[in-house]
Amino acid sequence: MDETSDEPPTSAVLLDNCHFSQVIFNNVDKFYVPGGDVTCYYTLTQNIVPRGKDWVGIFRVGWKTTREYYTFMWAPLPSDTHSDTAVQQQIQFKAYYLPKDDEYYQFCYVDQDGVVRGASVPFQFRAETEDDILVVTTQGEVEEIELQNKNLRKENEELKASCASLEKQNIDLQKELNKMQELQNSLESLRSNTEKLELELNSLKKENKELKEMDDCREAELHQLEEQIQNVTSDKERLETRLKTALDHMDQLQSQVLNYEKEVENLSLMDRDKTEQLESLKEENRQLRAIGTQQEKENKELERCVEYLKGLKAELSLCLSPCLQNEPSICGHDLMKELEEQKRLLQILQAKKNEANEENQKRSEDELLRHLSQAEEVSSFSVASQAQAPIPSPEVGGLLFGNPYCGEITCHSVSIRKCPMCDEVFPEASETSQYEAHVQSHLLECPLCNEAFEKSNKQVFDDHIFCHSLE
């Protein structure tokens, strides 16, 4: 058994794979006396690199694997582990751990991988026998024995030389064997790599086939894409042409819009002037109404005077009846004088009333004619620009707000509607729906954004619809 609790590294490697020449055991006795310590001497050659877990074990002869050791000791590391020369080492086995039988045993050096690197000659653990007792012989026998020893030494030297030669051959063979082993390992590695390469080659062939199929599909798709690009290019050119046309039309529309804006601005100025004139006319009309009210009051006053005179005449007639009978000449003269004075006053009042009526009628006719001419100018300008509604104008024969002395006069607007597309004129009496339907017949309306286009510019309308389809 070993002296430590750690188990040494072993393996199930067979003897054929061991290298016994890398460690050489020296001075191994044929037998060791039981009960005593045993010192093992060995030499580490330059072919081995000692490591910390190397160990020396005692094996029974006939062992098959390194697991069959009887006892072991850890091998001490030399001072220079990477020396190029042989290193002498020794290790001592305690008597307590040594075998007690007389079987044949041998020392074995095992590295930390569990591989045997050297083995000694067999030996036994037994006591001395009679054959080992010293025998005293004669001088002749001694000389004979010395001669035999000399021959044996010579044979031993020859055997040592032969052993060294064999060891050298063994080392060379071991190197060749290592080379063969390396070549075999390389061959196995090459075979494994070859198999892997064949698998990769098959995989690459399969991928190449798939890539070719994908390439065919890509070429078909590329051809389709080229056709689509050609179609898109043609569509693009057509759209560019339409866009250019639309931009030209837009420029025209913008110029028209600018003209319309100028016309609207002019109409706004004219409308402001007409509004001021309307306010002025309202003020004049208010003044005329005040004058008419004053004249009505004067007329009522004259009527009351006339009625009073008539009543006074009747009273005078009643009063004069008895007076005429008594003093006809005096009373009749006075009454006739008073009657003449009243008639003259009544004629003066009647003349003032007629003069006021004539002046009012003349002023009304002048204002009516002036506003009629202005309304005709505004109506013709509104039809040409299509921006403003017609301006109302009074009828011929009345004031804008009516003559208070000639009865109430209704004011109507002078309006002439003209189609902005074909310049067709619609009279004032025509219905608004008829005019709108006529204008709508010239337009095309977008079903998506309700924008209107002229039928004469159908290409612009088609381009507008196509732009909606691209969104």
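Residues are numbered from 1 along each chain as its sequence is written. In this predicted model, local features need pLDDT of at least 70, side-chain atom pairs count only at pLDDT 80 or more, and totals for chains, interfaces and linings use all residues, while side-chain values use heavy atoms, without hydrogens and water.

Select residues 23-26, strand β1. Strands here are DSSP runs (E, at least two residues), numbered from the N terminus. An open, antiparallel sheet of three strands runs in the order β1-β3-β6. β1 and β6 (87-93) are the edges, each with a single partner strand, so one side of each has no neighbour in the sheet. Strand-to-strand twist averages 30°.

Zoom in on Leu 44, whose bridge partner in β6 is Val 87.

**The cavity.** Select Val 33, Pro 34, Gly 35, Gly 36, Ala 95, Leu 98 and Pro 99, which line the second largest cavity. A cavity is a set of points on a 1 Å grid where a 1.4 Å probe fits but cannot get out; lining residues have an atom within 4 Å of a point. The second largest cavity holds about 30 Å³.

**Two loop residues.** Go to Asn 27, in the loop between β1 and β2 (31-32). Phi is near 55° at Asn 27. Most residues other than glycine have a negative phi. Asn 27 is exposed, at 62% relative accessibility (exposed is over 50%, 1.4 Å probe, protein chains only).

Finish at Asn 450, between β12 (443-445) and β13 (452-454). Asn 450 has a positive phi of about 65° and is exposed at 54%.

Note on methods
Two strands pair if DSSP finds at least two bridges between them. Helices (H or I, at least four residues) and strands (E, at least two) are DSSP runs, numbered from the N terminus. Axes are lines fitted to C-alpha atoms, for helices over the stretch in contact, and angles run from 0 to 180 degrees between N-to-C directions. On a 1 Å grid over the protein atoms alone, a cavity is a set of points where a 1.4 Å probe fits but cannot get out, and a pocket is an open set with protein on both sides within 12 Å along at least five of seven lines; lining residues have an atom within 4 Å of a point. Grid points are joined across faces, edges and corners, and a volume is the space filled by probe spheres set on the points. Buried means under 20% relative accessible area, exposed over 50%, partly exposed in between (1.4 Å probe, protein chains only).
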